[in-house]
Amino acid sequence: MNKTQNKTSVAEIDKRLPDSLWKSMLFRALPALIGALVITFTQEHTARFGFVVFGAVALWSGVIVGFEAVGIKGHPLRSFVFARSILGALVGGYCLFMGTGGHDWATVHNFIWTVAIWAIVTGAIELVAGLVFRKQSMYRSEIVLSGAITMLLGIIVAFVPPELDADYGGIEHIEGSLTAEVQAIGFVGAYLAVLGVLLVIEAFTLRSALRRRDDGKNAKSPAKKES
């Protein structure tokens with residue numbers, strides 16, 4: 001009886017999922033992928049550069065998520081999405097101020113802790129949303145995966161030592177050093193690339209599931225009319 005009720009509840013939730021959810025995922029992938037490309041193809045990784053790129057992505061994503069929370073009628077996790085939007089917009093604005101302002105506050109120490117706190121809090125919001133939405137079959141995977149890798153970013157970046165500055169050479173004897181800025185920004189770039197690809201995959205997966213759902217509804221409608 002419990003299993004039957006559980007399957008019924010999942011089916012009912014799936015029926016109420018808005019068709020626009022997959023489009024929002026796709027739009028959210030855009031700033032993440034652009035941020036990953038900018039980090040990958042920029043050689044000079046300074047704390048100020050990290051603040052600007054990360055801030056732009058966080059602010060852009062926050063605005064998109066805000067439109068998702070407000071604009072999609074019947075959103076199943078509106079309050080969680082809205083909280084994530086506000087956090088992203090605030091942190092994005094703060095990071096852009098740190099990266100572009102005429103001051104000396106854009107240090108690697110501040111960058112590390114800004115990214116770590118944002119990632120851990122954002123990841124926690126998404127994981128809690130996944131627990132609340134635990135009976136959902138079509139939409140829950142994106143929330144849980146996104147929350148897990150976001151929280152993982154925060155934990156990894158938090159352990160980057162701000163004083164890191166290790167020289168390296170290699171076979172080609174190219175002079176350089178692995179600094180805290182390079183490592184922390186590299187982790188952010190890798191995270192944005194993984195998140196962007198994940199959102200694209202999940203968006204098209206959800207679109208296919210929603211189409212199958214709608215096809216099932218259309219197939220049942222004529223049968224009801226005939227009966």
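This is a short tour of a predicted model, moving from a group of aromatic rings to the cavities and then to one helix.

**Stop 1: the aromatic cluster**

Select F54, W118 and Y191, which ring pairs link into a cluster. Five aromatic pairs turn up in a search of the whole structure. One of them joins F54 to W118 in an edge-to-face arrangement, with 5.2 Å centre to centre and 80 degrees between the planes.

Now keep W118 and turn to Y191. Their rings also form an edge-to-face pair, at 6.3 Å centre to centre and 75 degrees between the planes. Here too distant parts of the chain are linked, since Y191 sits in helix α7 (residues 180-226), 73 residues from W118 in α5. W118 counts as buried because its relative accessible area is 11%, under the 20% cut-off. Y191 has a relative accessible area of 8% and is therefore buried as well.

**Stop 2: the largest cavity**

The space inside is about 260 Å³. Which helix gives the largest share of this lining? It is α3, with six residues. At least two lining residues come from each of α2, α3, α4 (78-100), α5, α6 (140-158) and α7. By class, the lining has 10 nonpolar, seven polar and three charged residues.

**Stop 3: the second largest cavity**

Helices α4, α5 and α6 each give its lining at least two residues. Seven of the lining residues are nonpolar and four are charged, with no polar ones. The search of the whole structure finds three cavities of 30 Å³ or more.

**Stop 4: helix α2 and W22**

Select residues 21-40, helix α2. Its 20 residues reach 29 Å from first C-alpha to last, close to the 28 Å expected at 1.5 Å a residue. Buried residues in α2 include L21, W22, M25, R28 and P31. Finish by showing R207 beside W22: R207 lies over the face of the W22 ring, 5.2 Å from the ring centre.

Terms used. Residues numbered from 1 in each chain as written. Predicted model: local features only at pLDDT ≥ 70, side-chain atom pairs only at ≥ 80, totals over all residues. Heavy atoms only, no water. Phe/Tyr/Trp six-rings, centres within 6.5 Å; stacked < 30°, edge-to-face > 60°. Helix = DSSP H or I, 4+ residues; strand = E, 2+ residues; numbered from the N terminus. Buried < 20%, exposed > 50% of the residue type's maximum accessible area, 1.4 Å probe, protein only. Lys NZ or Arg CZ within 6 Å of the ring centre and 35° of its normal. Expected span 1.5 Å × (residues − 1). 1 Å grid on protein atoms, 1.4 Å probe; cavity = no way out; pocket = protein on both sides within 12 Å on 5 of 7 lines; lining within 4 Å. Points joined across faces, edges and corners; volume = space filled by probe spheres on them. Nonpolar A, V, L, I, M, F, W, Y, C, P; charged D, E, K, R; others polar.
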